[in-house]
Amino acid sequence: MAKVIAINISEGKGVPKQSIEKGFFAINHGLQGDAHAGEWHRQVSLLGVESIEKIKKMGLENLATGSFAENLTTEGICLFELPIGTQLQIGETVMEVTQIGKECHMGCAIRQKTGDCVMPREGIFAKVIVEGWIQPGDRLEVIN
């Protein structure tokens with residue numbers, strides 16, 4: 001079963017995200033209180049813990065959830081293989097995948113330390129189409 005491991009938020013851009021107990025994800029916005037939320041196609045970012053483990057194996061052991069600026073850290077699903085337009089039931093929400101990967105910030109702290117970063121290849125982005133709460137342990141399920 002695929003599930004949410006952590007919900008991560010930051011009040012400003014360019015700072016690491018901190019894990020929170022639960023988050024409210026609003027339609028056409030994303031995670032309330034998150035600096036990256038807003039009315040655009042990258043309202044919510046998701047990254048699998050499996051991707052984080054790849055970087056840990058490269059020697060960067062002290063990574064926490066949110067280190068890659070992901071809003072949702074997941075487990076048990078290969079996110080970057082989902083087609084754009086896939087709908088996901090996550091907790092009370094429904095989200096639609098809008099983008100796979102992103103442009104690499106060549107100067108990010110992770111890339112500087114390891115020579116690589118998985119978020120540009122394996123992170124995904126989604127927009128919220130049914131709002132609601134998400135908390136760690138909530139099921140993540142493809143619904144279309």
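Me: How many residues has the largest nonpolar core?
Reply: A nonpolar core is a set of buried Ala, Val, Leu, Ile, Met, Phe, Trp, Tyr and Cys residues joined through side-chain atoms within 4.5 Å; buried means under 20% relative accessible area, exposed over 50%, partly exposed in between (1.4 Å probe, protein chains only). Those with the most contacts inside the core are Phe25, Leu46, Leu72, Ile90, Met95 and Ile134, and its total is 21 residues. Strands (DSSP E runs of at least two residues, numbered from the N terminus) that each supply at least two residues of this core include β1 (3-9), β5 (44-48) and β8 (93-100).

The model is predicted: local features need pLDDT of at least 70, side-chain atom pairs count only at pLDDT 80 or more, and totals for chains, interfaces and linings use all residues. Residues are numbered from 1 along each chain as its sequence is written, and side-chain values use heavy atoms, without hydrogens and water.

Me: Is Asp34 buried or exposed?
Reply: Asp34 lies in the loop between β4 (30-31) and β5. Its side chain forms a polar contact of 2.7 Å with that of Lys17 (a pair of N or O atoms within 3.5 Å; within protein, one must be able to donate a hydrogen and the other to accept it, and residues adjacent in sequence count only if both atoms are side-chain atoms). Because its relative accessibility is 5%, Asp34 counts as buried.

Me: Which strands stand at the edges of the open sheet of 3 strands?
Reply: The order is β4-β3-β10, with antiparallel pairing; two strands pair if DSSP finds at least two bridges between them. Each edge strand has a single partner, so one side of each is left without a neighbour in the sheet: these are β4 and β10 (132-134).

Notes: Helix = DSSP H or I, 4+ residues; strand = E, 2+ residues; numbered from the N terminus.
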